[in-house]
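Please read them with the coordinates open.

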Amino acid sequence: MTPPAPTTPPPPPDVLVIGAGIAGLTAARALQREGLAVEVLEKSRGVGGRAATRTVHGARVDHGAQFFTARDPGFQREVDGWLRDGVARVWAEGFPSWSAAGGWRDPEAGANPRYACPGGMNALGKRLAERLAVTRGARAVAVRPSDGAWEVELEGGERRRASRVAVTAPVPQALELLSAVDLPSALRDGLEGVAYAPCFAVMAGYPYVPAPAWPGVRLPDHPDLAWIANDGAKRDAGGGGTVLVLHATADFTRRRYDDPPGAVVADLLRAASAVVPGAERPAWTDHQRWRYALAMTPHPERALLAAEGLVLCGDGFGGESGGRLESAYLSGLAAAALLGEVAD
Ligand SMILES: Cc1cc2nc3c(=O)[nH]c(=O)nc-3n(C[C@H](O)[C@H](O)[C@H](O)COP(=O)(O)OP(=O)(O)OC[C@H]3O[C@@H](n4cnc5c(N)ncnc54)[C@H](O)[C@@H]3O)c2cc1C
């Protein structure tokens, strides 16, 4: 019997991208288009990061990013492709708001289109990940310099090497990964200034209740609730009743982050019932706690070259226009431009 031929391990990639959110996938795709071999390492089982969708009781529900806007012409061109292919569509032209004192207010006139995905927001991640090598369930625990290149250590001890690395995790998590990297103190201080608001999200289903007439409603003055989405209005299938997504305010989330989730969900549903009568009696619920939901003080650069061959990017970058899905995309492109210029 002939012994099996020895298997040769695949050559190390030119670039390792940590995180398969919008920023990481956009960076990876741009670098691969330049002819570089790219591997994306993603700790979870899915792609898209905070552009996240879950199937609950048969319903697709967006529990992270609710919609996105396009202000940059380049991003608009990408969005036009998604619209053409049915990955995304216009969901709303602005949202009404509600307050206990003033009641309902109409959406502002002439608002930018708000786009959403009929199949769920994670369709964007799936689309961007087409033709990319994404290793799921691969949690990076450290990035360190190693003989003129970079080594990424994964949970479980495996080590990967590449001459270029892009770190796309929310900045506080990125800094933990880089604790063995000697970053200049001004650069580290700038990164430590990037703060995120947390968000407790509730998904709730009401199979026999007709859906509200609005796509979503903002609650600008509410102490506990910031937003309610009529999530089912994003989907094609009608008649499935109502699915609401509630987002708590950052203050409420900070106060209640470690409380038993059942009590937090009940309190948020009770708060929502002032806006949507009967909201406190769903047939099912689910929830998600986002520790780093929205970047509140993004770094002024679009992406940051922290050392030769090491870039940080994501929605925590981009100054005033940071903190959104579009900024994650633009930051990914900026990271690819910085890494593409790095010579081996
Ligand atoms: C509740 C909520 C509501 C939002 N609403 C909106 C909205 O309506 N409109 C809008 O434009 N934006 C919204 N956003 C923000 C939007 O989702 C983000 O700006 C955007 O998705 C960020 O993309 P990113 O690639 O920078 O980061 P992420 O999506 O966080 O991607 C980072 C990826 O890295 C992975 N990762 C992290 N650490 C590691 C590690 N150690 N090893 C391997 N992988 C790792 C993560 O699992 C994740 O997949 C919302 C976000 C939340 C949470």
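1. Basis. This is a predicted model, in which local features need pLDDT of at least 70 and side-chain atom pairs count only at pLDDT 80 or more, while totals for chains, interfaces and linings use all residues. Residues are numbered from 1 along each chain as its sequence is written, and side-chain values use heavy atoms, with hydrogens and water left out.

2. Domains. The chain is assigned domain 1 (15-45 + 136-194 + 298-340) and domain 2 (54-121 + 196-295); such bounds come from an automatic or database domain assignment. Their C-alpha centres are 29 Å apart. Domain 1 puts 15 residues into the contact and domain 2 puts in 14, where contact means heavy atoms within 4.5 Å.

3. Buried area. About 1,200 Å² is buried between domain 1 and domain 2, and carbon and sulfur atoms give 61% of this. Buried area here is the accessible area (1.4 Å probe) that two parts lose on being put together, summed over both. On the domain 1 side, the residues that lose the most area to domain 2 are Leu 325, Glu 326 and Tyr 329, together 41% of what that side buries.

4. Polar links between the domains. One salt bridge is found across the interface of domain 1 and domain 2, the rule being a side-chain nitrogen of Lys or Arg within 4 Å of a carboxyl oxygen of Asp or Glu. Five residue pairs, both at pLDDT 80 or more, are in polar contact between the two domains. A polar contact is a pair of N or O atoms within 3.5 Å; within protein, one must be able to donate a hydrogen and the other to accept it, and residues adjacent in sequence count only if both atoms are side-chain atoms.

5. Elements at the interface. Helix 4 (171-177) and helix 8 (325-340) each give two or more residues to the side of domain 1 that touches domain 2. Helix 8 gives the most, with four residues. Helices are DSSP runs (H or I, at least four residues) and strands likewise (E, at least two), numbered from the N terminus.

6. Ligand. The ligand is surrounded by 34 residues, the closest being Glu 42, Arg 50, Phe 67, Asp 315 and Leu 325; the criterion is a heavy atom within 4 Å. A polar side-chain atom of Asp 315 lies 2.8 Å from a ligand oxygen atom. For Leu 325, a backbone N or O atom is 2.9 Å from an oxygen atom of the ligand.

7. Glu 34. This residue lies in the loop between helix 1 (22-33) and strand 2 (38-41). Apart from neighbours within four places in sequence, Glu 34 is in contact with Ala 336 and Gly 340.
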